[in-house]
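Student: Could you help me learn to read burial and aromatic pairs in a model?
Tutor: Gladly; let us look at one together.

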Amino acid sequence: MLNSQETKLVKDTLPALRQHGEHISTVFYKTMLRDHPDLHNYFNNVNMHTGKQPRALTSLILAFASNIVNISELTPKLERVAQKHASLNIQPEQYEIVGKYLLRAFSAVLGPSMTPDVKLAWTKAYWVMAKMLTGREAHIYREFEAWKAWRKFMIYDKKSETIGGSIVSFTLKPVDGKALPIFLPGQYITLRITVPGMKYAQLRQYSLSDAPSPDHYRITVKRDQGTNWDYLSPRDDMTVSSAASSASDSSIGSVQPCRPGIVSNSLIDEFHEGDTLELTHPSGAFHLNPNLDTSMPLVLISAGVCVAPLMSILNTVVEKRITRPLSWIQASRHDAPFQAHVEKIAKKHPNMRTKFFKSRLSDSDVLSYTSTFDNDFLSLTAEDLYLSNRMSEYYVCGPEKFMIQASNHLQRYGVHQDRVQFEIFSVGSFEMAHD
């Protein structure tokens with residue numbers, strides 16, 4: 001750990017580093033990827049092109065430095081990062097590369113202020129964080145047992161979940177025929193495919209959308225219309241300012257531009273039953289509380305394709321014949337994926353409530369932050385949200401604007417944040433701002 005003087009040196013440089021955060025993030029990735037082009041295989045090109053990924057890393061290290069004397073505050077954020085790294089099979093030696101180029105970018109911004117003592121302090125701060133992450137990742141890899149890298153799966157079934165076919169589920173079976181590990185409902189896998197015209201492999205995370213099974217997994221994918229850079233696909237989606245786009249275009253010149261939804265659309269259009277693709281072991285910090293033997297109400301709130309991890313949770317609860325009170329709240333712009341399936345379950349379970357409503361903001365193609373979900377949320381009753389029970393658990397998944405509105409609504413009614421789990425199909429601002 002850092003001593004008090006080193007901690008002060010780090011904190012004294014934070015204002016300057018925050019002021020130039022955009023420059024740090026773009027220069028850092030540009031130089032690192034130029035010298036280590038193989039690392040392109042680990043990054044989402046869309047997130048790189050928009051600058052979302054670079055900003056997320058810079059935000060993480062600066063947040064860590066700000067809380068260096070109270071690291072426990074960052075535990076939820078670090079857990080999410082460790083789970084994501086494990087899903088990508090990140091190894092300790094890659095932290096050496098990241099540290100080298102990150103500190104070089106800090107030096108470029110701080111100039112003469114980056115004295116030998118300051119550089120040493122920042123080096124120690126970075127490695128405190130890196131060792132925490134690699135230690136946790138090593139533990140996750142041990143839990144993965146024999147499945148530690150990429151594994152081939154065959155598409156066993158492909159099914160449209162909406163009338164227009166914009167949301168499609170893929171049932172995947174392992175080519176080796178071996179039993180699959182039982183994941184925690186709500187977790188995701190990383191998928192890798194080769195896309196014609198793209199120099200590097202394309203990796204994306206997709207939530208598992210069915211209950212755990214020893215012989216198959218299921219993911220649910222949304223088509224991306226690709227009309228603009230504010231409209232991106234499952235786990236590619238984010239809201240991007242024009243300034244951020246122009247900064248990334250000019251600064252991260254080594255990143256190969258690609259159209260939004262390149263992976264999601266390829267899966268829907270080009271991959272069919274019998275085709276193969278590669279997955280990593282399920283990961284993720286967002287999942288159903290393993291303590292299933294409880295009478296606490298369970299409230300599942302989703303929007304659009306972000307229903308996927310909650311579908312896994314719901315099917316698991318049903319399969320295990322858990323009788324806890326349940327409320328299903330789902331927003332959609334057009335027809336709701338899985339609605340018929342959910343309604344069929346509700347008819348058989350008198351302790352289950354359902355609420356479906358239309359909202360344009362259930363999709364990620366939000367061009368303005370002036371719109372609001374307030375009217376939609378105000379239509380929910382106290383019974384819908386089980387507000388009278390101070391032990392109710394809430395699982396929320398949707399686009400960033402939806403997540404913020406849901407969080408604010410629950411807080412207004414006295415729901416403590418400890419009882420709410422959030423999952424967003426994105427990298428960056430929301431997950432850095434919320435635990």
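Tutor: Buried means under 20% relative accessible area, exposed over 50%, and partly exposed in between, with a 1.4 Å probe and protein chains only. In this chain of 435 residues, 58% are buried. The model is predicted, so to speak of local features we need pLDDT of at least 70, and side-chain atom pairs count only at pLDDT 80 or more, while totals for chains, interfaces and linings use all residues. Residues are numbered from 1 along each chain as its sequence is written, and side-chain values use heavy atoms, leaving out hydrogens and water.

Student: How many aromatic pairs are found in the whole structure?
Tutor: Rings of Phe, Tyr and Trp (its six-membered ring) pair if their centres lie within 6.5 Å; planes under 30 degrees apart are stacked, over 60 edge-to-face, the rest tilted. The search finds 10. One of them, Tyr141 with Phe144, is edge-to-face, with 6.0 Å centre to centre and 75° between the planes. Both residues sit in helix α7, 3 residues apart, about one turn of the helix; helices are DSSP runs of H or I with at least four residues, strands are runs of E with at least two, and numbering starts at the N terminus.

Student: Are Tyr141 and Phe144 buried or exposed?
Tutor: Tyr141 is buried at 11% relative accessible area, and Phe144 is buried at 7%. Now compare Phe153 and Tyr217, a stacked pair with 6.0 Å centre to centre and 20° between the planes.

Student: What does that pair tie together?
Tutor: Phe153 lies in strand β1 and Tyr217 in strand β5, so the pair links parts 64 residues apart in sequence.
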